[in-house]
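Hello,

Here is the structure I promised to pass on to you. Please open it and keep it beside you while you read the notes below.

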Amino acid sequence: MARPVKKSPEQWKKEILDAAQHLFLDKGYEETSVSDIMNLAGGAKGMFYRFFQSKEEIMYVLGNQMFLENNPFEEVKKRSDLNGLQKIRSLLLLNQSDSQRNDLNRQAVPILKDPHILSAAVKENRRILTPLWRDLLEEGIKDGSIQTKYAKELSELLPLINFWFMPSVFPATQEELHHKYSFVMEVLTHMGLPILDDVTAAFTEKVITDISAKGENE
């Protein structure tokens, strides 16, 4: 009789993440339990807790993993036909075109009520996104498409704006979210980063509607 194949910790972690991603997208985060994840991954619940403290943590880890696997910053960096400002506008569209990651992000809105998850998310955004934003801003300044003396400050601010739009962090109605968005666009334009155009404005309505709906359901 053949012995069962022993899986490495790395393989177990990957299979648990794969199972969680499949179930979150198929059933939804709230309807998925740790037992469901481990039944699909083929292991006991104790194996889950060797790698993750909670279902909330695995959702957070999944969001980071899906971003790095389909990093829109890397995509726009390859575009020699765009200047710095155009790359930033293209980046925003690419970010919203990743439907699976955006679905998970919307499901993750409520878990940001947990101060530990929120703190970890802020730190990770600052660590990963701030340098990426800084590179694009510096490129735009160099080619003349962005007129600002606040590249460092903007690169630190931009990763934090998403949290301000989360109703679980800063409660807001749909109307208030639209007002916040107008405020942010006006501030960025004043700071030399006019990212709003007809295309970005078009998908903003859907994004705000989705965020509002998720916040109201919780």
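How far does helix α10 (residues 174-190) reach from its first C-alpha to its last? Its 17 residues span 24 Å, close to the 24 Å expected at 1.5 Å a residue (1.5 Å times one less than the number of residues). Helices here are DSSP runs of H or I with at least four residues, numbered from the N terminus.

Before going on, please note that this is a predicted model: local features need pLDDT of at least 70, side-chain atom pairs count only at pLDDT 80 or more, and totals for chains, interfaces and linings use all residues. Residues are numbered from 1 along each chain as its sequence is written, and side-chain values use heavy atoms, leaving out hydrogens and water.

Back to α10: L177, K180, Y181, V184, M185 and L188 are buried (under 20% relative accessible area with a 1.4 Å probe, protein chains only; exposed is over 50%, and partly exposed is in between). These residues lie on the same side of α10 because they cover an arc of only 135 degrees around the axis, taken from the directions from the helix axis to the C-beta atoms. E175, H179, E186 and H190 are exposed on the other side. After α10 comes G192, with a positive phi near 95 degrees.

Enjoy exploring!

Notes: Helices (H or I, at least four residues) and strands (E, at least two) are DSSP runs, numbered from the N terminus.
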